[in-house]
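Subject: Structure for your review

Dear colleague,

Please find the structure below, handed over for your own work. My findings follow it.

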Amino acid sequence: MVVDTRISEEPVAVPPPLGPLATARWAWRQLTSMRTALILLFLLAVAAIPGSLIPQRPVDPITVGQFHARHPGLSRWYDRGSLFDVFTSPWFSAIYLLLMISLIGCVVPRSKVYLTAVRARPPAAPRYLDRLPENARLDSNLTVDQVLEASVTALRRRRFRVDRVDGTVCAERGYLRDTGNLVFHLSLVVVLVGVAYGHLYGFKGSALVVEGEGFANTVTQYDNVHAGARYDTDQLPPFALKLDSFHATYQSEGQQMGAARSFSADVDYTPAPGQPAERRLIKVNHPLHAGGTKVYLGPHGYAPVVTVKDGKGATVFSGPVPFLPEDPVGLTSRGVVKVPDAQPSQLGFQGFFLPTAATDTVRGLFSLFPAPKNPRLVLNAWTGDLGLDDGVPQSVYRLNTEHMAQVHQAAAAGAPPFTAALATGETMTLPGGLGSLTFDGYRQWVVLQLADDPGRGLTLLGAVLAVLGLLGSLFVRPRRLWVRATPDGAGRTVVDVGALARSDGPDLAADVAGVLDAVHAGPPAHRDIAQRGNEE
């Protein structure tokens, strides 16, 4: 046999390239597929990881400032990638918007299918009911109409949806499972819309407030504020707060000694200008409701109260200076005191505050407990140009020593820096007639976190509907049942009953037995006649 190995010279058919409309349809089908939605959901979860590992500026600007101070080089890269504000970054917003479009394009068609299933009538009876998983046959003295009437009554009592067609009763129960699927899918859209609405029309902000000082709800009073694109900051509720006192309790013994146990703040709340102040208590998870704004308690710390006199003996600064905690166990806090009005040269102090000072040979001075049981203020001094007149913004928590000289204990070369550990009421006097600083005591401060999220109600509604829909789709057991009544020609009626479950779990035997019992008893009218006959 000779085999022709020549290659056919006929041209291979090449499909024409997709046009713009066909390409758009293909892209839309890919974007709205369930696979793409799951991939985007996974990407959104991965993208949210930096938001839980890296401090976020809208939530905790103080910790972000501390991170900047410790890692200035890394912080610049984090700022470029919006890692300090992940959830409003362009790349996170892009993933969120694509997921929202994908889910809507995926959910809406599915919702139509579920809606059709919810509204559908029970299907017609199969030809052979005896082949169904649960079936039974009964010979009855009732007529066909009486059998069907008794079956319809019994099935409706068992909450079946019933149709009667040509000597057959078609019934279905558990169709609320499709309703649950429909509600669950639509609730996802409600959640997405609620979150998007809250971001567009809401705002979040924070302000550090020291005991004895106040806060007015204006943009200039915020240390950090993030307003939605559609939020008008001119419409902020005109309330005011004064932090009267802040209370914190800590575990005093055991392995978790120093762990926080409770935080609360007493504030004087003024709803609007001209109205009397009201005493309110703010606690963790119990915010203050000020109109549509909620005021929460955030991080807290200590503000040493100092009085600084310059070389001429004039008091050039007096008041509390917030220090930022850097030790969550002992609440050791670092901070600076800037005195630009000092003469003959500007003064700067930097150091740390120890709520419960202790010392050992390894760590030196440290704080043993976060509560102020033995407060100490440890400072060193600098003199020169603070750089506040250069027009370049500076952090109030950092001292720019580029044009300053550290104060030493003596003018001799190699003398150690001048450092003092002050107890309450003690004064450090700088050598060379530069001035002095007195540690008058301390106050506590707290970061008030304010939020107005108009989409939270819609988001909560979507979450509740999602749970209800999921419960319905998981626990509702759909089943179908048919009853066929056929006369046997001898004055009796043959009753065939068959049931089929669309999922595992339903007790089909109980449903079939209930129909048979109803046929035995007969329809209500027949039972009344039989009862009167027995009585006679």
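A nonpolar core, as the term is used here, is a set of buried Ala, Val, Leu, Ile, Met, Phe, Trp, Tyr and Cys residues joined through side-chain atoms within 4.5 Å. Please keep in mind throughout that this is a predicted model.

By that definition, the largest nonpolar core has 28 residues. Val308, Phe349, Met428 and Leu437 have the most contacts inside this core. Seven strands are each the source of at least two of its residues: E11 (293-310), E14 (333-339), E15 (346-354), E18 (376-384), E20 (419-422), E21 (427-430) and E22 (435-452). Another core, of 22 residues, lies apart from it and includes Tyr222, Phe239, Val267 and Ile282. As general background, nonpolar side chains in soluble globular proteins tend to be buried together.

Which residues does Phe349 touch, not counting those up to four places away in sequence? They are Val308, Gly335, Val336, Val337, Val339, Leu379, Asn380, Ala381, Leu399, Met428, Leu430 and Leu437.

Overall form and surface

The chain contains 11 helices and 24 strands. Along the principal axes, the C-alpha trace spans about 130 × 95 × 55 Å. Of the 536 residues, 41% are buried. When contacts between residues at least 6 apart in sequence are considered, 63% of them join residues at least 24 apart.

Gly384 is located in strand E18. With a relative accessible area of 22%, Gly384 is partly exposed, because the buried class requires a value under 20%. Beyond its neighbours within four places in sequence, Gly384 is in contact with Ser345, Gln346, His403 and Met404. For Gly384 and Gln346, the separation is 38 residues in sequence and 5.4 Å in space, C-alpha to C-alpha.

The loop between E14 and E15 holds Pro344. The peptide bond from Gln343 to Pro344 is cis, and its omega is near 10 degrees.

Positive phi values outside glycine

Asn285 has a phi near 65 degrees, a positive value in a residue other than glycine. Asn285 sits in the loop between strand E9 (278-283) and strand E10 (288-290), and its relative accessibility of 69% makes it exposed.

Leu331, also not a glycine, has a positive phi of about 60 degrees. Is Leu331 buried or exposed? Leu331 counts as buried, since its relative accessibility is 8%. Leu331 lies in the loop between strand E13 (324-325) and E14.

Gly167 is placed in the loop between strand E2 (161-165) and strand E3 (168-173). Gly167 is partly exposed, at a relative accessible area of 21%. Residues up to four places away in sequence aside, Gly167 touches Leu148, Val483, Arg484 and Ala485. The C-alpha atoms of Gly167 and Ala485 are separated by 5.8 Å, although the two residues are 318 apart along the chain.

Ala521 belongs to helix H10 (residues 508-521) and is partly exposed, with a relative accessible area of 34%. Between Ala521 and Ala150 there are 8.1 Å from C-alpha to C-alpha, for a separation of 371 residues in sequence.

Asn141 lies in the loop between strand E1 (134-140) and helix H7 (144-157). At 61% relative accessibility, Asn141 is exposed. Not counting residues up to four places away in sequence, Asn141 touches Gly491 and Arg492. How far apart are the C-alpha atoms of Asn141 and Gly387? Their separation is 107 Å, and the two residues are 246 apart along the chain.

With kind regards

Note on methods: Residues are numbered from 1 along each chain as its sequence is written. This is a predicted model: local features need pLDDT of at least 70, side-chain atom pairs count only at pLDDT 80 or more; totals for chains, interfaces and linings use all residues. Side-chain values use heavy atoms; hydrogens and water are left out. Helices (H or I, at least four residues) and strands (E, at least two) are DSSP runs, numbered from the N terminus. Buried means under 20% relative accessible area, exposed over 50%, partly exposed in between (1.4 Å probe, protein chains only). Contact means heavy atoms within 4.5 Å.
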